[in-house]
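Let us read a protein model together, one feature at a time. Keep the picture open as we go.

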Amino acid sequence: MNDLLANLNPQQQAAVSAPDGQILVLAGPGSGKTRVLTQRAAFLIRERQVDPYRLLAVTFTNKAARAMQERLQHSLGSTLDGLWLGTFHSICARILRREADVMPFTRDFVIMDADDQKSLVKMALKEFNIDDKIFPPASLHSAISNAKNNLTQAKDFVAGNYREEIVRRVFERYEQMLRTSNALDFDDLLLYAVRLLQENDAVREKYARRFYHVLVDEFQDTNMAQYELLQLLSSHYQNIFVVGDEDQSIYRWRGADYRNVLRFQKDYPAHETFLLEQNYRSTQNVLDAARAVIDRNTQRTPKSLFSERGRGEKIILFEAMDDHAEAMFAVETTRTMMESKKAGGGEIAIMYRTNAQSRLLEEAFFQSRMPYRLVGAQRFYGRQEVKDMIAYLRTVQNPADEVSLLRVINLPPRGIGDKTLEDLRNIADNAQLSMGSVLLDLGNKQGESQFWHTFSGRAAAALAGFGALLVNWRNLNQNILLPELFEHILKDTNYQEYIMDASDVGYSRWENVQELLRMAYEYSNSGLVEFLENLALVSDQDTLPEKSDTPTLLTLHAAKGLEFKVVFIVGLDEGLLPHRRSMDDPEEMAEERRLFYVGITRAKDHLYLVRADQRRNYGSFDYSTPSRFLEDIPEKVLLRAGVQYHRRLTPSLQSAIPRWTSVPEKKSSLRESARYSAGMHVHHTVLGSGIVIQSKLQGDDEIVTVAFDKAGLKKLSATIAKLEIL
DNA sequence: GCGTTACATATTTTT
DNA sequence: TATGTAACGC
């Protein structure tokens with residue numbers, strides 16, 4: 001019967017075939033977590049004859065949802081008709097659109113993204129004349145978001161001090177603006193869904209009786225609203241299967257609370273816990289380091305990860321002279337590994353704490369003339385031109401959406417300035433209508449509109465002109481396919497002309513617009529509502545090229561869920577990792593530790609931990625000290641290299657540490673006679689001064705790689721080139 | 001409405 | 001340091 005269980009270890013099998021009820025699977029990194037979740041779904045469908053229709057599977061990312069869908073299809077080969085599988089947000093959006101009748105918005109509500117949310121907060125601040133220096137919009141928004149994640153609505157928000165009173169007022173106005181715009185923000189999707197299920201017995205029963213089994217991925221990252229949602233949806237049958245790892249919770253700042261794992265255990269005394277401790281990814285050395293780091297966190301379920309892959313290579317701890325040398329080391333070592341076929345480019349990743357750190361790495365790649373892939377940063381959906389077009393589409397779907405309307409109403413410039421907008425705003429307010437409704441009225445009736453004469457002649461004409469466009473697009477939307485509507489908008493607005501200036505920036509902008517248009521073609525069969533929802537709920541992460549043969553640069557956050565044969569973690573200095581902003585809060589410090597843990601456990605075979613003794617901060621050069629996390633890694637799994645000042649270590653310890661070295665993987669051929677070592681400052685009569693990146697012995701010669709200040713990177717033979725050690 | 005300049009600001013960003 | 005944004009002047 002059980003080819004479903006065939007390739008699973010006993011722990012995994014037990015979890016997959018666990019009885020009904022509440023099941024908690026705590027799965028270490030690389031222990032086959034996703035596999036267990038997928039097989040559990042397959043098992044329920046095939047072995048327990050659960051109709052897919054009665055199954056709900058929830059993930060955090062679209063990527064994870066898609067992966068699960070594909071695997072499930074693969075292992076069942078049958079149809080998954082009726083199965084609900086999606087992200088928390090998409091599932092909530094689905095429920096809310098279905099039940100919109102009883103909600104304070106209509107079925108075709110739009111979803112506000114992070115930028116829109118920020119705009120709304122700014123608009124509220126402006127209205128209230130609040131100084132955005134004293135109350136930064138970002139901090140107010142995060143206060144609002146936190147409240148919502150904890151299921152507090154504006155009307156329930158109680159202010160305990162002056163600051164909170166400001167928050168309360170902005171919150172209220174923000175909420176009002178969302179309502180009049182017929183819009184929900186990300187947090188609302190969860191919040192309203194939970195409220196609906198809590199307050200409306202009929203609706204709750206409908207869903208709870210449908211979902212015989214609920215399955216959840218990345219459970220440690222759930223916030224309070226998500227936890228409640230799961231409880232409500234599984235409230236009838238109480239069959240809930242959650243998979244997670246407290247040690248990989250790195251989204252606390254977004255409301256994620258790994259203590260939901262503890263709450264689960266408390267809320268469901270009859271639950272069963274399964275621990276997945278066998279790691280199929282990393283060598284034992286990597287796991288030992290990871291464990292040493294994470295063991296210092298409390299409030300977690302102790303796990304002892306083990307691997308049958310053997311000890312493996314030691315972990316290289318490279319201390320560079322400065323941040324340039326750090327980048328150079330990572331890139332040069334990458335090159336060496338690729339050239340010697342130790343690893344393909346696609347199997348190598350360089351990870352860092354902050355996006356800003358990618359710059360030096362990119363420069364180093366550029367200098368070495370090597371291609372690389374940068375994850376994150378350039379966000380397609382964040383591009384001005386993409387946002388413009390989305391705003392047009394959103395205005396067509398929902399003219400009440402003020403953020404979008406204001407974005408496009410004078411774009412390209414069509415003579416609707418601030419003064420006109422102010423009038424429009426007042427007239428709309430007086431008539432108790434949205435600005436969009438007034439525009440539509442003007443567009444429809446032109447001079448006959450009751451509003452026409454409330455504006456000056458020019459303004460009325462300009463507004464009516466745009467209103468007419470909007471009316472037309474809305475009609476088109478009823479009658480033609482989405483991509484055609486899109487093309488009409490482009491044509492009517494001369495948008496191409498507007499963004500296509502002579503520069504190549506203009507051209508790439510136009511390309512982005514066309515890419516969006518291509519995506520619209522894929523929605524020919526569904527429509528505008530679906531297209532917009534997807535744009536809001538699908539991130540750039542999902543559009544990343546899956547496979548590549550070039551090394552990857554990415555933040556530690558972006559690395560979660562991935563694995564690479566070779567991993568570099570750079571910037572292992574106090575202030576960077578752990579980040580300086582986490583210093584005064586133990587919870588945040590614990591999260592920095594988990595972040596490091598996540599990074600370490602991405603490595604299959606080779607792990608390089610890299611830091612720099614001196615790095616450029618904003619303006620100035622600063623000395624830095626090694627990350628405190630490095631101290632926890634047992635010396636026996638480490639191989640140290642690079643310059644070592646060890647200001648933090650006692651003299652006795654210093655002598656215990658081998659002082660050396662050169663390129664680690666060549667250590668067998670290393671001889672005492674190596675004159676140069678990484679980090680040394682050297683001078684060459686022709687090439688000038690520079691820093692030694694690496695040095696390896698080759699026969700009787702020594703090949704030294706030097707990064708020259710002016711001449712760039714050179715490989716030199718020590719017997720021929722005269723290199724003076726400074 | 002647009003381009004310039006001065007100025008503040010600099011963590012992570014699943015949806 | 002460098003980057004993005006706000007305010008200013010044309």
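The dialogue below covers a sheet, a pair of helices and a strand.

Q: What kind of model is this, and how is it numbered?
A: This is a predicted model, where local features need pLDDT of at least 70, side-chain atom pairs count only at pLDDT 80 or more, and totals for chains, interfaces and linings use all residues. Residues are numbered from 1 along each chain as its sequence is written, chains are lettered from A and ligands numbered from 1 in the order in which they are written, and side-chain values use heavy atoms, without hydrogens and water.

Q: In what order do the strands of the open sheet lie?
A: First, the terms. Strands (E, at least two residues) and helices (H or I, at least four) are DSSP runs, numbered from the N terminus. Two strands pair if DSSP finds at least two bridges between them. Here 6 strands form an open sheet with parallel pairing, in the order 3-2-6-7-1-8. Strand 3 (84-87) and strand 8 (272-276) are the edge strands, each pairing on one side only.

Q: Which strands does helix 4 touch?
A: Contact means heavy atoms within 4.5 Å. Helix 4 (residues 88-98) packs on the sheet and touches strand 2, strand 3 and strand 6 (213-216).

Q: How do I describe two packed helices?
A: Give the angle between their axes and the distance between the axes. Axes are lines fitted to C-alpha atoms, for helices over the stretch in contact, and angles run from 0 to 180 degrees between N-to-C directions. Helix 15 (residues 384-397) and helix 23 (residues 528-537) pack at about 135°, with their axes 11 Å apart. Helix 15 and helix 23 are therefore oblique to each other. Angles under 35 degrees count as roughly parallel, over 145 as roughly antiparallel, 65 to 115 as roughly perpendicular and the rest as oblique.

Q: Which residues make that contact?
A: Helix 15 gives I390, L393, R394, V396 and Q397, and helix 23 gives L528, V529, F531, L532 and L535.

Q: Is strand 11 mostly covered or mostly uncovered?
A: Buried means under 20% relative accessible area, exposed over 50%, partly exposed in between (1.4 Å probe, protein chains only). Strand 11 (residues 315-322) is mostly covered, with 8 of its 8 residues buried.

Q: Which residue stands opposite E319?
A: E319 stands opposite R611 in strand 16. Strand 11 and strand 16 (residues 603-616) run parallel, joined by 6 bridges.
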